[in-house]
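Here is a short report for a first look at this structure. Keep the sequence and the 3D view side by side as you read.

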Amino acid sequence: MKGLKNLEKGFTIWLTGPSGAGKTTLAVKLARKLMEMGYRVEILDGDTIRKTLYPELGFSKEAREMHNRVVIHMAKLLSRNGVIAIVSLISPYRAVREYARNEIGNFIEVYVYAPLEVRIQRDPKGLYAKALRGEIRGLTGYDGVYEEPENPEVRVDSSKMTPEEEVEAVIARARELGYLP
Ligand SMILES: Nc1ncnc2c1ncn2[C@@H]1O[C@H](COP(=O)(O)OS(=O)(=O)O)[C@@H](OP(=O)(O)O)[C@H]1O
Ligand SMILES: Nc1ncnc2c1ncn2[C@@H]1O[C@H](COP(=O)(O)OP(=O)(O)O)[C@@H](O)[C@H]1O
């Protein structure tokens, strides 16, 4: 087995975007690729962290902000210990993402985009169908707020790019920024 490469400083790849945009898919493929390259990687997935720590939390602005701050803290601890933290989190608020950038330091914001009609068609968790039937309210990117990133390090359009192309775009940017050799 290949030995682990030690990065002097880790970094955080922050995947933001509404449900069904492709964050989880990209997170898993990125993690696999970076591990094959010999790096230490952790995925911090919003949905998983919610289910493990506070399944009843809900989706109010205050709840999302608190939850996002927990994830920011985890990513900060990992990044400063040489790990590549891949965060997969809707993180709908620009101010919270700016806070993440300032707290964590080595930071790549990736806007994972797909048009609404594509997300509705994919609907991996059946949430858009529920929202269309009026059974849930405040679904991000449908009838809930999503503040689009204004200046992300990377923007991927998952309706036009393959996951492999998305992985390459993120890794190329990490190299440009000096986070990877
Ligand atoms: N109202 C509403 N709005 C948005 N998302 C909702 C909602 N209700 C449930 N879900 C599901 O919650 C999953 C986790 O969300 P996150 O922790 O990433 O969101 S947030 O940053 O707290 O906004 C999120 O996961 P993904 O589909 O992987 O994005 C949704 O499946
Ligand atoms: N280029 C792509 N990138 C990411 N996901 C894609 C792409 N093309 C199709 N998909 C599909 O879109 C869906 C996205 O769901 P998921 O990754 O769970 O999104 P999110 O985590 O943002 O809610 C998956 O079913 C995935 O297979």
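The sections below cover the ligand, its contacts and its pocket.

## The model and its ligand

This is a predicted model. Ligand 1 has 20 residues around it. Those that come nearest are Ser19, Arg50, Arg64, His67 and Ser91.

By class, this shell holds six nonpolar, eight polar and six charged residues. Three helices each supply at least two residues of the shell: α1 (23–36), α2 (46–53) and α3 (61–79).

## Polar contacts

Start with the side chains. A polar side-chain atom of arginine 50 is 2.7 Å from an oxygen atom of ligand 1. Lysine 23 places a side-chain N or O atom 2.9 Å from an oxygen atom of the ligand.

Threonine 140 takes part through its backbone. One of its backbone N or O atoms lies 3.3 Å from a nitrogen atom of ligand 1. On its own, ligand 1 has 630 Å² of accessible area, and the protein covers 92% of that.

## The pocket

Where does ligand 1 sit? The space it takes is the largest pocket. That pocket holds about 780 Å³ of space.

Its lining counts 35 residues. Ser19, Lys23, Ile90, Lys125 and Leu127 lie nearest the centre. Two or more lining residues come from each of α1, α2, α3, α6 (127–132) and α7 (163–176). Which element gives the most to the lining? It is α1, with four residues.

By class, the lining divides into 12 nonpolar, 13 polar and 10 charged residues.

Terms used. Residues are numbered from 1 along each chain as its sequence is written. Chains are lettered from A and ligands numbered from 1 in the order in which they are written. This is a predicted model: local features need pLDDT of at least 70, side-chain atom pairs count only at pLDDT 80 or more; totals for chains, interfaces and linings use all residues. Side-chain values use heavy atoms; hydrogens and water are left out. A residue is near a molecule or strand if one of its heavy atoms lies within 4 Å of it. A polar contact is a pair of N or O atoms within 3.5 Å; within protein, one must be able to donate a hydrogen and the other to accept it, and residues adjacent in sequence count only if both atoms are side-chain atoms. Accessible areas come from the Shrake-Rupley method with a 1.4 Å probe; for residues, only the protein chains shown count as cover. On a 1 Å grid over the protein atoms alone, a cavity is a set of points where a 1.4 Å probe fits but cannot get out, and a pocket is an open set with protein on both sides within 12 Å along at least five of seven lines; lining residues have an atom within 4 Å of a point. A molecule sits in a cavity or pocket if more than half of its atoms lie within 2 Å of its grid points. Ala, Val, Leu, Ile, Met, Phe, Trp, Tyr, Cys and Pro count as nonpolar, Asp, Glu, Lys and Arg as charged, and the others, Gly among them, as polar. Grid points are joined across faces, edges and corners, and a volume is the space filled by probe spheres set on the points.
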